[in-house]
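Welcome! Take a look at it first, then read on.

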Amino acid sequence: MDTARHRIVRRGEYDMEQHFYPRVPNAQLHPLVRFFLQLGNERLLARYCHLHPEVDEASVRGVFSEAPKFFQWAGADLFHVTDPRGRRRFVVIETNSSPSGQKSMPLLDPYAEQGGYRTLLERTFLPMLRRRALPRGELAVLWDKNWMEVSGYAAVLADLTDEPVHLVHVPDAEDTSIRFDDGVLHIRDSDDQWIPIRAAFRYVTQRPWTRIPPVSRTAMVNPVVACLAGGRNKSLASIAYDLYNAELTGTGLAVRVPETIPNVSLPELPLHIDRMGGVAMVKVPYGNAGQGVDPIVCRADLDALMHKAHTYERFLVQGLIGNTGWSSITREGRLFHVGTLPTKRGQMFVSDLRFMVGAGPDGFYPLALYSRRAPAPLARRLQDTEHTAWEMLGTNLSKRQDDGSFTTEPERLMLMDSRDFNHLGIGLDDLVEAYVQTVLATHAIDRMAQRLITQKGRFRRRLFASLVSDASLMKEICE
C-alpha cells in the first residue's frame with residue numbers, strides 16, 4: 001500500500017490486478033446476480049409491486065427516480081432475518097457514506113475491466129462536473145483507508161477526464177494535507193504548493209468532519225453533511241429513518257430497522273438494555289469498520305461497558321439480532337438471523353449483505369454487492385459455545401492494528417460469484433427487497449442532510465446540536 005501524502009495519477013495507470021482482491025478478477029458473477037443487475041428499475045419496480053400489492057406503485061417509481069441532493073453514493077449493511085412465525089425480511093443495520101465494495105465485486109462484463117469504478121464515476125461523479133457554479137481548479141480523490149479502491153477510483157477518473165488526479169491521504173489526525181479557503185478545497189502537493197480543487201471524490205471515513213466542513217464550494221461525492229446526517233452518524237440515521245417513514249405513511253413503504261434508541265447517555269444504558277430483556281447492541285454512533293460496537297448478552301458484558309473509558313457522551317441502543325433463544329425483546333418481537341446454509345458439520349454463520357448504490361440525474365442504480373460472514377458459527381444457546389457474542393455476530397472485515405491503521409480479513413468475504421452466492425440462501429426477490437431498502441435508507445439520510453443545510457448553503461449547527469446532544473462531537477466539527 002502506498003501511504004504517500006500526495007501523488008498524481010495520470011491517464012493509463014489503471015491496472016485491474018491492483019484494485020481487486022486476488023480471487024475476484026477470475027471469479028464468475030453468479031447468473032442470478034448478473035440478471036438482477038441488468039433488469040433496470042422499471043422491471044424491478046414491477047416485480048416488487050407484484051409481490052407487495054399494498055405498496056403504491058407511483059411512490060416506488062418516485063423513490064427510484066428522485067435524485068438525492070447530497071447523498072449520491074451509499075452502501076447499506078443489511079441482515080437477512082426472520083421471526084418466530086417464519087416471516088423473512090431484510091433489515092437495515094447502518095448506511096455508509098463512503099462504502100467499500102468495488103474490490104469485492106466480480107465484473108458484470110468481463111471485458112470491461114474498470115467495472116463498478118467506472119460506472120459510479122460516469123453516472124454520478126461526471127454529471128457533477130458539468131455544474132456552472134464550480135470554482136476553478138483541478139480534480140482530487142481524498143482518502144484515509146482502503147488504498148486498493150481509492151487508487152482505482154483515481155486511475156479511472158484520470159482516464160475518463162484525461163486530467164491528472166491528485167490522490168491525497170487525509171488521515172484521522174492533525175492534518176496539513178488539505179485546507180479550505182472561502183469554501184474551496186486546496187490540497188498541498190509534493191512540492192508544498194497549494195492547489196485549488198473544483199471537484200473531489202471523498203473516501204475519508206474516520207471522523208471526516210474533523211478535517212472537512214459539512215459543505216463546500218468544491219463539489220464533492222459525498223459532502224460531509226451526508227456523514228453527519230446519518231452516513232457516519234447512527235443516531236441521526238435512526239431519527240432520519242423515523243422521519244422518512246412518517247413521510248411514507250400510506251404508501252406501503254418503510255425503512256425497516258431493528259428497534260433503535262438514539263442519544264442514550266451512559267447512566268441510561270442499563271434501563272434500555274433491561275427493557276430489551278438484558279440483550280442489546282450498544283454502539284458508538286460515529287464509529288465505523290466495526291469499531292465501538294458492543295453486544296450485550298449478559299450482566300458481565302454490561303458491567304465491562306459501563307467501566308470503559310468513552311470518548312463520546314451519547315450512545316445508540318439497538319435490538320440485538322442473535323439466535324432464537326438469545327435475541328432482544330423489542331416492540332415488534334424477536335428477530336433472529338437466517339444465516340448461511342449449514343456446512344457439512346451443520347454449522348450456520350451470521351452473514352450480512354453490503355448493497356452499494358449510486359445515484360445520478362436519472363435516479364438510483366445498483367452498483368455492487370458482497371457479503372461477509374462472522375468468524376464463529378451461530379450457537380443455538382450461549383451456554384453451548386466458547387465463542388463470544390461478537391465472534392458470532394461481527395461481520396466487518398476491517399481490523400484496527402496497534403498503530404491505528406487498518407487491515408482486513410478477506411477469508412470471511414463472500415463474493416457474489418457462482419461459488420459463494422449459493423451459500424447465502426437468498427434469491428432474486430431477496431435482492432430486489434434489499435435494493436429497495438437501500439434506496440429508502442439513502443433517501444432518508446439525504447432528506448436529513450437537506451434539513452441541516454440552509455437555503456444559503458450554511459450548516460445549521462444549532463439544529464444539529466439539538467438532535468445529537470453530544471458536546472464532544474460538536475467540538476470536532478470544523479466549518
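Let us begin with charge: the protein carries 58 positive and 57 negative charges, and their mean positions lie 3 Å apart. Please keep in mind that this is a predicted model.

**Overall build**
- The protein contains 13 helices and 19 strands.
- Along the principal axes, its C-alpha atoms fill a box of roughly 60 × 50 × 45 Å.
- When contacts between residues at least 6 apart in sequence are taken, 70% of them join residues at least 24 apart.

**Surface and burial**
- Of the 479 residues, 58% count as buried.
- The protein exposes about 20400 Å², and carbon and sulfur atoms supply 48% of that area.

**Nonpolar cores**
- The largest nonpolar core has 126 residues, and the members that touch the most others are Phe125, Leu142 and Phe464.
- Helix H11, covering residues 428-451, gives the most to this core, with twelve residues.
- There is also a second, separate core of 20 residues, which includes Val91, Met281, Val297 and Ala374.
- For a closer look at phenylalanine 464, set aside its neighbours within four places in sequence: its contacts are then Leu228, Asn233, Leu236, Leu452, Phe459, Leu473, Met474 and Ile477.

**Backbone places to look at**
- As background, most residues other than glycine have a negative phi, and most peptide bonds are trans.
- Valine 221 and asparagine 222 are joined by a cis peptide bond, with omega about -10 degrees.
- Asparagine 222 sits in the loop between strand E9 (219-221) and helix H6 (225-231).
- Aspartate 192 is not a glycine, yet its phi is positive, at about 65 degrees.
- You can find aspartate 192 in the loop between strand E7 (184-188) and strand E8 (194-203), and with a relative accessible area of 46% this residue is partly exposed.
- Serine 469 is not a glycine either, and has a positive phi of about 50 degrees.
- The loop that holds serine 469 runs between helix H12 (461-468) and helix H13 (471-476), and serine 469 is partly exposed, with a relative accessible area of 34%.

Notes: Residues numbered from 1 in each chain as written. Predicted model: local features only at pLDDT ≥ 70, side-chain atom pairs only at ≥ 80, totals over all residues. Heavy atoms only, no water. Helix = DSSP H or I, 4+ residues; strand = E, 2+ residues; numbered from the N terminus. Buried < 20%, exposed > 50% of the residue type's maximum accessible area, 1.4 Å probe, protein only. Contact = heavy atoms within 4.5 Å. Areas by Shrake-Rupley, 256 points an atom, 1.4 Å probe, with all protein chains shown as cover. Lys, Arg positive; Asp, Glu negative; His and termini not counted. Charge placed at Lys NZ, Arg CZ, Asp CG, Glu CD. Core = buried A, V, L, I, M, F, W, Y, C linked by side-chain atoms within 4.5 Å.
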